[in-house]
Amino acid sequence: MNPLIETALIFLGMQSLLALLRPPATGFLPLSLGGSGLLLLLAGLGAWLAGARGTPLDAAAGFYMALLGALYLGVGPYLREYLSHHEPSRARLEAFLLPLFAAAMVGVLLAPPGYAFLFLWEGMALLGYLLMALEGPDGLAGSRAFFLASRLSGAGLFLALILLAHKGLRVGGLEHLVWAGLVLGFGTKAALFPLHAWLPKAHPVAMSPLSALLSGGMVKLGLYGLYRAQDWAGPPPEWVGWLLVALGLAGAVYALARGLAEEDYKGVLAYSSVENLNLLLAALGAYFLLKSPFFLLAFFFQQAAHALFKGLLFLGSGALPVRELSRLGGLHRLLPRTAAWSFLGALAAAGLPPLAGFLFEWYLYQGFLAAPRGAGASSLLVLGVGVVALVGALAAVSYVRLFGLAFLGQPRSTQAMTAREMGGFGQLGLGVLAGLLLGLSLFPTALLSPLKPPLYPVLPLFLALMGLGGGLVYWVRRKPQRVYDPWDCGFHSPDLQGSALTPQMQPHALGYSEQLLRLFPFLELKAHLSREEMLAPPKVRLEVSDWLEVMETRLTRGYTALAHQVQRLQSGSLHLYLLLQFLTLLLVLGVVWR
Amino acid sequence: MLYVLLFIPLLPALYALRARETRWLAGSAAAGAVLSLGLSLLAQNQAAGPLRLDGVGLFYLLLTDLLFALVALYAGAYFQASQDREAWRFYAAGNLFLFAMHGAYLAHNLGLLWIFVEGSTLASALLVYHRGGARALEATWKYLMLGSVGIALGLIGVILVYALLGGATLDWQMARELVRAANPAQLKLAFAFLLVGFGTKVGLFPLQAWLPDAHSEAPSPASALLSGTLLNVAFYALLRYAALLGSAGLFGFAAGFLQSFGLASLLAAGLFLFAQKDYKRLLAYSSMEHMGLAIYALGLGIPWLAMLHTLFHSLAKTAAFLSAGNLLLAYQSKLIARVGAVYRAWPATAGLLVLSLLSLAGLPPFGLFYTEFQALFRSSPLAMGLYLLGLLGVFAGLLWPLSRMVFGEGPGMSLGGLPRIRALVVVPAALVGLALILGLFPPTGVVEHLAEVLSWKL
Amino acid sequence: MSAFLLLLLAPLFTGSLKWLKARLQNRQGPDPLYDYKNLLKLWRKVWIRPQGSSPLFLLAPVVGLLSTGLAAVFLPLLPGISFAGDFLVLIYLLNLGRFLQVLAALDTGSAFGGQGSYRESLVSVLAEPGSVLALGAVGLASGSLSLAAFSPLSPQNALVYTLVLVALTLALLAEGARMPVDDPTTHLELTMIHEAQLLDHSGPLLALYELSAGMKILVYIGLIALLLPFGGLSFPAALLLAWLALGYLETYGVKLRYLRLPDLMSYNTLSGILAVLGVVLRFRI
Amino acid sequence: MVGRKSLDALIRLYALQNVLLALLAFGLAQGEWPLVLAGLVLLLLKGVLIPRYLFWLLERLGVSHEVESYLSIPLSLLLGGVLVGIGLRVGSSFVLEGAQLPEAVPVALSLILLGMLSMASRKKAVTQVMGFLGLENGVFLLALAETHGLPLFIELGVALDAFAAVVLAGVLIFRIRTTFGHIDTARMRDLKG
């Protein structure tokens with residue numbers, strides 16, 4: 001094996017060991033996790049850029065390893081600061097489990113398809129669950145959803161990888177079964193619509209650095225699997241491509257719309273992850289269908305970009321005092337640095353040039369526009385352009401809402417006035433990710449060179465924006481200015497303290513997106529009027545009911561009802577039991593006689 | 001030597017009838033089990049009369065003795081913590097039970113095997129009953145009735161086999177030779193009775209009714225013994241008969257039944273688990289699932305895999321029941337809804353509970369993951385699908401109680417006066433540790449070697 | 001090059017449009033060059049930084065102007081930079097400006113800013129798919145994804161181009177904040193979309209905003225001009241047409257209810273979809 | 001055994017059955033001492049000891065000596081008849097080569113089926129034990145019919161087990177009586193789910 005990777009894994013192991021022996025050992029995290037991140041980044045990039053094939057480190061695996069490495073590099077220092085706010089007993093467990101989780105993810109990339117892969121895959125899920133469950137009662141539903149989905153994913157992979165191992169069996173329709181298992185297994189992990197339901201439940205409840213690792217790293221392994229499966233199972237059947245494109249595009253729109261109805265800061269980020277993942281899956285599916293290099297470029301580039309900006313955003317969310325958007329506001333004053341990092345992340349995530357997110361959409365558009373013409377079904381792929389445009393616009397709105405409501409304006413609650421900025425290590429972690437994101441945005445070729453990418457003039461654009469913008473800003477700032485209250489239609493009076501505007505006059509988290517949500521038929525908006533006192537003005541509370549979630553609830557209810565039906569067999573009646581025994585005997589005898 | 005081995009457990013049993021000091025009772029029982037553990041290692045392949053200790057017997061004997069010794073130690077602490085003055089009942093019945101188990105594993109005669117299996121039913125009924133009470137009584141009664149009928153059906157099977165062997169012998173070695181000449185149709189008939197009979201004791205799906213009742217009402221160490229060792233003995237009997245059918249060239253016929261019952265148990269267990277409110281019943285249904293899986297593995301024609309499965313299951317389930325015993329001590333309730341935030345109240349137990357339950361849910365790095373993988377690896381696509389579906393159902397059923405109890409809301413630190421006795425934690429920890437080590441390095445080779453005595457033919 | 005052209009023309013266009021509208025409404029109207037003076041005046045004024053606002057407040061107008069200007073760089077009215085996929089960069093640069101503008105509107109925490117912010121967001125979501133699809137369709141029809149290589153209207157592509165023109169025109173109205181999507185002359189905060197976001201910007205910042213708004217309209221007119229078959233005269237022709245049409249529309253038309261906007265803009269999206277399908281499936285008249 | 005309403009009669013019937021079985025065993029023994037011994041044990045254990053134990057039990061329990069069932073007597077008889085029919089019908093396929101007494105096999109099967117029926121339908125704990133004993137007898141008859149009889153020590157072990165089971169059941173019935181105040185197993189339905 002590559003000595004860099006070995007050293008990195010040893011670092012992670014040492015960290016866990018230290019957490020066991022000399023708790024809480026969180027002080028070593030920048031060195032152990034961050035250091036291993038650096039090593040993995042180097043090793044992975046080396047393999048990726050060299051275009052290595054097969055074992056021990058395939059180029060594709062190298063790419064993902066670099067991606068994980070970059071995340072660890074940022075999360076390592078951050079975690080040291082973050083865990084210092086936890087109780088020592090819990091911090092100790094986290095400092096023990098997290099490196100193992102990190103190592104399991106790396107292991108997945110190194111493992112050949114088979115027992116070792118499944119072992120690490122399920123182990124990864126287990127560690128993730130434990131880390132999430134440590135959140136206590138709040139994390140209950142989320143961690144459970146995560147674990148359940150992980151097992152579903154594992155089941156799909158069991159099916160696929162075992163069938164794959166039986167080479168002799170691969171005749172007839174079994175090929176399709178293998179790919180069905182792969183799509184189920186990796187698709188669930190990569191939040192393929194409509195198997196994504198776990199993600200928005202799980203990621204918000206995890207602690208911020210873990211959310212960053214999950215959203216930035218772990219879910220990408222699903223994409224890795226699907227891409228890499230080509231090596232294992234041969235080219236996929238056509239339906240796989242169509243399925244991924246159709247579900248991916250639908251899921252991207254759905255996730256953004258649903259994200260606009262979300263009030264939880266990290267929930268919005270989670271839905272944005274679902275959107276990105278589905279778009280990536282669509283890109284991969286389209287690549288399967290058309291083999292266009294644009295899709296491959298889009299696929300790889302955005303994974304790196306998403307890992308970085310989502311890592312940045314999730315890490316930034318760690319400094320927020322509460323998660324509900326309707327209780328945040330004005331945080332840029334208390335958290336200027338976090339606001340700046342998050343702004344950078346939001347710009348990238350909204351897909352705006354010259355940052356990384358745009359390049360992805362740029363490739364995607366060109367890929368879809370290059371769909372073959374004519375009467376064939378694949379010519380319909382060109383409509384993907386419209387979906388990507390819609391997704392782009394929605395993503396921008398989503399991030400405006402997220403950043404605007406949380407960091408700008410006036411605080412909507414007293415909690416929002418008590419936020420505290422992260423200290424040095426926290427800022428270091430964020431800074432590392434931000435730096436990498438900026439580097440990736442401006443020098444995409446550094447990463448994409450194996451794929452020989454076409455580019456738009458990103459660097460000149462950036463320099464022009466920075467130069468001219470800096471000049472203009474300098475100019476305007478030097479002009480005379482006054483500080484005054486915002487415009488309040490002239491209601492301002494000396495009796496009132498300052499402006500007549502109150503924080504409640506700002507748009508509410510759901511109010512902001514209400515009109516947009518009405519565009520999407522699968523979301524049903526309900527307004528509840530409630531009065532706290534008899535004569536008080538009624539309060540309007542908006543509630544969103546999501547068709548998919550309604551279905552999910554019904555499914556759960558149905559399953560529970562089924563379970564209760566079966567339980568009636570165990571009714572407590574000994575006579576029924578004896579009868580059952582008798583009937584079983586008769587059944588078995590009947591089969592024997594037949 | 002084998003007779004010594006057979007009767008060793010009767011000594012502590014007699015002692016238990018006289019002594020009342022829990023600590024000495026626990027010590028004597030554990031000492032007896034450890035002694036037989038050592039002896040059985042020396043006694044491999046010895047024969048005496050109808051007794052003979054071959055590889056498979058040794059495997060289960062070692063497992064049983066080990067678990068019994070650990071559970072006996074735990075039980076000392078458990079009864080002390082629950083201020084149970086009648087711990088001697090547990091030790092008396094327990095050692096009697098161990099005697100029956102020894103007999104079953106040492107017996108090299110199918111009739112004798114039956115007798116000891118029935119004996120283990122009776123002894124374990126005493127274990128379930130323990131101190132009585134309405135619920136325990138109800139559970140014991142149901143257990144006794146269902147178990148007796150089941151075992152009687154098994155006896156019909158034994159008689160038919162005996163008749164088919166020409167009424168010559170029930171000795172295992174000779175039976176395997178003779179069975180080749182037997183009428184296949186009638187051997188199948190005999191197997192039907194054996195399957196339903198011993199299947200009742202294994203707890204296969206529609207025959208499982210006694211299992212959750214008995215497991216939930218017995219005191220926790222007894223539940224651990226039932227799940228960790230009693231189910232194995234019935235499984236062991238089926239293993240022998242399946243091998244017998246294999247010798248007769250009828251394994252294909254048996255495999256269909258074994259696989260169907262295994263999968264049915266697995267699938268049903270998922271549904272039973274999902275709506276479960278009592279954590280000890282939860283563990284009991286999980287036993288039904290795993291015995292189903294072991295039977296399925298047997299049906300695949302891989303005895304060593306089935307044996308390995310029962311080994312891992314016994315370790316994990318014993319640890320789980322002992323942890324559940326700790327919960328019962330701390331929370332005084334068997335309802336899942338009454339237990340919460342164990343990870344704050346009693347971190348050690350929480351850790352054990354999590355690890356043992358996750359192990360039972362078939363997650364790496366524990367052994368059940370390995371055996372489930374191996375079983376899947378050898379299944380047909382359809383069976384694989386059902387198997388995976390069943391595993392998912394079971395997992396869904398186990399996950400919520402686990403999350404709820406360990407990490408959910410609860411009284412937290414305010415639990416007054418937790419029993420601070422080391423053995424309560426150390427014993428299950430030893431089991432979990434063993435399960436972990438064996439899971440990381442599955443002793444496949446050893447088990448395969450031991451299972452060779454079955455000289456499995458498909 | 002085109003950027004400077006548009007920068008220079010923008011105040012003229014908006015100023016003279018005001019003049020035209022006044023004339024159509026039988027008013028005297030301001031000097032057609034009024035906007036130049038207005039901008040200069042604003043630029044010299046003191047600007048107000050609202051209490052508690054963030055650096056974005058200042059950044060938004062700056063980036064707004066720059067992004068529109070840089071977008072105009074890719075418009076091949078005059079020789080400039082050109083490459084495959086440049087129209088996407090153009091559209092997204094406009095988005096960048098809007099992103100910051102919409103954010104800055106939330107910055108002060110005033111009720112109107114927020115209102116304007118989410119209204120503009122809705123408009124953007126409604127307008128974007130249509131314009132991208134339309135431009136994509138042109139690219140497909142011309143066989144090149146670079147603006148400079150877009151082929152003009154011809155009998156072969158008449159149907160597709162008609163659809164594209166419909167889509168782009170609607171996008172112009174929406175993105176330029178003109179009637180019937182928005183009323184640029186309103187003084188009632190409750191009905192504003194674009195203006196509501198600028199309420200707190202004053203002096204040089206307002207000047208930047210006004211300038212970039214004008215340029216944005218011209219960028220869209222420039223895009224339309226690329227499709228017109230008049231060679232070098234296309235842009236002036238498009239300008240003139242747009243000038244007349246906007247003046248006429250804003251005199252005789254009424255603003256659409258905000259809640260009815262999706263109905264109008266669905267034509268935009270539909271035209272875009274049909275245009276693309278028209279190219280791919282080779283619709284002919 | 002299926003049709004009677006009185007427990008006393010049931011027990012007497014059971015005793016009689018055992019005596020007959022023992023006689024059968026002697027008949028088949030043809031001088032082989034293991035079978036004779038087995039028959040003797042049977043006679044002693046099942047013909048005398050168990051019935052007496054049951055009588056004693058009933059007396060001590062102080063419950064009505066009436067059979068309570070889910071099924072009415074006619075229905076019970078009818079079902080019993082059907083089961084006997086089944087037993088006789090399929091019995092032939094249970095007759096193995098070299099069976100000692102092929103004619104008894106269907107009877108044994110019928111006995112087993114009837115035993116299971118009474119266990120599954122009767123409510124009193126005592127009657128369930130009776131059903132089990134009937135079943136056991138069926139098994140014994142089957143053993144006699146099919147084979148020379150099981151090897152002696154097996155036979156003894158089996159008998160011992162059965163006896164222990166019955167004794168244990170008796171003890172439990174006592175406890176049930178004192179704990180619940182009745183011995184109606186159909187009303188013991190606390191454990192479910």
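**The strand pairing and its surroundings**

Modeller: Arg482(A) stands opposite Ile48(C), which belongs to β1(C). The model is a predicted one, in which local features need pLDDT of at least 70 and side-chain atom pairs count only at pLDDT 80 or more, while totals for chains, interfaces and linings use all residues. Residues are numbered from 1 along each chain as its sequence is written, and chains are lettered from A and ligands numbered from 1 in the order in which they are written.

Strand β1 of chain A, residues 481–484, is joined to β1(C) by 4 bridges, and the two run parallel; strands count as paired if DSSP finds at least two bridges between them. Helices (H or I, at least four residues) and strands (E, at least two) are DSSP runs, numbered from the N terminus.

Around this pairing, 61 residues of chain C are in contact with 64 residues of chain A, contact meaning that the C-beta atoms of two residues, placed from the backbone, lie within 7 Å. On the side of chain C that touches chain A, the elements giving two or more residues are β1 (47–50), α3 (56–73), α4 (86–107), α5 (111–142), α8 (204–227) and α10 (261–280) of chain C. Of these, α5(C) gives the most, with 15 residues. By class, this side of chain C divides into 40 nonpolar, 15 polar and 6 charged residues, where Ala, Val, Leu, Ile, Met, Phe, Trp, Tyr, Cys and Pro count as nonpolar, Asp, Glu, Lys and Arg as charged, and the others, Gly among them, as polar.

Chain A also meets chain D, with 10 residues of chain A in contact with 12 residues of chain D. Helix α22 of chain A, residues 574–593, supplies the largest share of the side of chain A that touches chain D, namely 5 residues, and that side holds 4 nonpolar, 6 polar and no charged residues.

Elsewhere in chain A, Ala102(A) has its place in helix α4, residues 88–110. Ala102(A) is buried because 32 other C-beta atoms lie within 10 Å, the cut-offs being 20 or more for buried, 12 or fewer for exposed and partly exposed in between, with C-beta atoms placed from the backbone. Leaving aside neighbours within four places in sequence, Ala102(A) is in contact with Leu12(A), Leu33(A) and Tyr72(A).
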